[in-house]
Every structure is written in C-alpha cells, then in structure tokens.
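User: I have a structure to go through with you. Could you take my questions one at a time?

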Amino acid sequence: MASSPRPSLKALTGVRFLAALHVVAFHYFPRQGTPEWFQRFLEGGPSSVTLFFILSGFILAYSYLGAEETVRVEPRAFWAARFARVYPVYVLGLVLMTPPLLDFLIRAAGGFTQEVLWKLSSTGAAVFTLTQAWAPPVACVWNCPGWSLSVEAFFYLLFPLLCVPVVRAGQRGLWASAAAMLGVTAVTSFLWLLVDQWSAASPAPLLGAETWKQVAAYNPLLRLPQFLLGVVLGRLFSQRVNAGQGMGPAASVQAVVAAVTSLAIFVAPWAGAALAFKELALMPAFALLIWGLADGRGPLARVLEQSWAVRLGEASYALYILHPPMGFYVRLLDHRLGPGLATSSPRSFFAVYVALSILVSLAVFFWLEEPARRWLRSRLSRRAPVSTPSVSPT
C-alpha cells in the first residue's frame, strides 16, 4: 500500500499556545471572586507542562524517526539542533529576570553581601548549564519556567540512545511500552504518596518536607515516562500514516473527547491521596488529545491549525519562558507610570499583561528566536550537519 502524505501537525503547534497560556494564567490570573471550579482549573496550570513533555517526545519521534525501519540519529547534530532551538530565548529569560532576582536577594540579606554573591553564582552555575532541575532548592529560583527546559535537556541527551530500542520494537512492543509508561507512573505516584505521608508524619524528615515536594515536581527521572510515552506514540503514529491506515472512524471526534476529559480532570476536586495520581489521569487524556490533533481532522484540529493559531503556537515557547519577567516589568510600569490597574482592577491588569506578553513573544520569535537559531545552526553545522525536524518541538 502506498504511504500517505505525512501530516503537517499544525494543530499540535496551535495547542502549544493554549498550554502556555494555562501556565501564565496559573501564575497571574487573580483568584478573588472566581468560582471554585475555575480556581481548580487555574491551579492545574503546572500540569500543562506534562502536555509539553508528551508532545515533545511525540514530535521528536515523528520528525527524526518516522516509520523508517533503520534510523540513526547522529547525537552531535541532534544536540546542536536542540541547543540552537531552545537556548537563545532561555538565556534572554534569565537575563531579564536578573534584576528582580538580585533585588530580592539583596533585600533578604540586607545588602550586597558575600552570601548574595554565593547564591547568585551557585544558582547561575545550575541554570546556565540547564541542570537546575536536579537541584531542588534552586530549580525554581531564577526564572522558574526554566526548570522544564532543564528536564527537556535531559530528554534531549537521552533521545539518540532511545532511538535504537524504539525503532527495533514492533507495533505490539510499542503499545506495550506505552502501557508500561503509565504503569511506571502509577508506581512512582504510589511511592510518592508514601513519601509524602512519611514526611508529613515525621517531625524532622530527611532533607525536609519541602525538598521532597520539589523533587516530585521537578526531578527529570520522574518526568521521563511522560516523554517516553510521547516518543512511542509518535513512532506508532508515523507507522500508521506510512501504512495508510488512518486513525480510525472516531478520529474526527477523539481530540474533542480528550480535550473535554482533560478539562474535567483539571476542574475535579482532587485532594488528599488522590492528588498524587492526577498526573497519571492526565497522561492518557493528553496522549489521546495529541494523537487526535495530529491526525488533523475534527473541529478542534481545524481551529488549531488556522494560521493565527499556528503563529501563536510558534511564539508559545517565548511566551512560556518570558512571562515571569514580563509580569515583573509590566507591574513595575503600572506602578510607576501607569494607572495602577494591578491594584484597582486586577483582571483588567491581567488582560493588558497577557496582551503585551503575547506581542512581545511574537516579536521575540521573529526577531530573536528564529534568527538566533539559524545563526547558531550555521556555526554549529561547520562541525556537524544539523537536520531540521519538520515541526519544531518545544
């Protein structure tokens, strides 16, 4: 059977914007006067990062592995391409967050002391080398969204090695691997529940209760099953497209079903022991959402593959990385030069802040992110040829 044309995955680019906007709303949307169900939706913002991780694995597998029987991803070329893709905007976020971070450290220490210099240098060593996710106390200190790029860097490091078993596995093995990733997440969720109960009951838990929470939130090993789920699904999707099998009769509605299911999980009143399994519940819903949107059929996919949605999706990485410094500077301008919307009308301030953040992210995408990526690729490719994925993952 002749292979079908490869889908462009435009809807997956569009959905990235919605996930990034969810994270922005989690950090900055005013909670006062909002219904409880909407507050629960907002508090679920960090879980949208899980969607990013699954989506990243899916697109990398689709772009680099496809359905070929023999594939070799040249490590140096792959790493160069990923570095050129993510690092320029990442560094911009760190630079923009330096003044507020320095101000906070100086105020806390009562002046520019050696302690401030030590904290700045030790944290900087971690964040500029993308290793902060391995060090819980500094994972979210200097431009917090950067912790997820630290996790992604670990995934990128492993991806050329993961390609070999993924390519060798048949469809049955890939489906079994997808189920195994959910099983591993279930086990780690249960173990985390035990650790959480132990740290809560212990008067002086080892390393401190807060450190264990940071490990659960940021540690790359605990996030690895999410990325691997995306990788095996991306390989399976490529094989079905290559074989001309299609996604089945329900493909046109499954993305909508998955989106509704995801929203229901977000607004459900998770509490106590059940909260440890929220990410586990979201993983299959996100996987189905990505699978359905990748097919490009159905009402949700048609909306998200519109040119305006794709453009916002392309700028979503800049929005995600830059929204904390944007929050600081917009609030500063509002306080010193503006009408004081942050105090008098918090929701109006949020609307202005989001609009400005989107405009800045679009400008950064066109005038920094893309030119810097091309420039870095041209320099790095002198040592190793760099292949470009058909869709750039976040």
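Predicted model: local features only at pLDDT ≥ 70, side-chain atom pairs only at ≥ 80, totals over all residues.

User: Is Thr 34 buried or exposed?

Analyst: Thr 34 has a relative accessible area of 9%, so it counts as buried, the cut-off being under 20%.

User: What does the side chain of Thr 34 reach?

Analyst: The side chain of Thr 34 reaches the backbone oxygen of Arg 31, at 2.6 Å.

User: And Leu 42, where does that lie?

Analyst: Leu 42 lies in helix H2. Its relative accessible area is 0%, so Leu 42 is buried. The C-alpha atom of Leu 42 is separated by 8.6 Å from that of Val 267, although these two residues are 225 residues apart along the chain.

User: Changing topic: how much space lies in the largest pocket?

Analyst: The largest pocket holds about 1,200 Å³ of space. It is lined by 41 residues, and the closest to its centre are Trp 192, Ala 216, Ala 217, Arg 223 and Glu 279.

User: Which elements give two or more residues to that lining?

Analyst: They are helices H1 (10–28), H2 (36–43), H7 (171–201), H8 (209–218), H9 (220–242) and H11 (278–295). H7 gives the most, with eight residues.

User: How do the residues of that lining divide by class?

Analyst: The lining of the largest pocket has 25 nonpolar, nine polar and seven charged residues.

User: What about the second largest pocket, how much space is there?

Analyst: About 380 Å³ of space lies in the second largest pocket. Of its 19 lining residues, Leu 18, Ala 19, Phe 41, Leu 263 and Phe 266 are the closest to the centre. Two or more residues come from each of H1, H2, H3 (48–65), H10 (251–267), H11 and H12 (299–304).

User: Which helix gives the most there, and what classes are in the lining?

Analyst: H1 gives the most to the lining of the second largest pocket, with six residues. By class, that lining has 16 nonpolar and three polar residues, and no charged ones.

User: Last topic, helix H6. What span should its 23 residues have?

Analyst: H6 covers residues 146–168, and at 1.5 Å a residue its 23 residues should span 33 Å. The end C-alpha atoms of H6 are 34 Å apart, so the two values agree.

User: Where does H6 bend?

Analyst: H6 bends by about 50° at Phe 159. A proline, Pro 160, follows within four residues.

Terms used:
Residues numbered from 1 in each chain as written. Heavy atoms only, no water. Expected span 1.5 Å × (residues − 1). Bend = angle between axes of the 7 residues up to and from the residue. 1 Å grid on protein atoms, 1.4 Å probe; cavity = no way out; pocket = protein on both sides within 12 Å on 5 of 7 lines; lining within 4 Å. Points joined across faces, edges and corners; volume = space filled by probe spheres on them. Nonpolar A, V, L, I, M, F, W, Y, C, P; charged D, E, K, R; others polar. Buried < 20%, exposed > 50% of the residue type's maximum accessible area, 1.4 Å probe, protein only. Polar contact = N/O pair within 3.5 Å; in protein donor to acceptor, adjacent residues only side chain to side chain.
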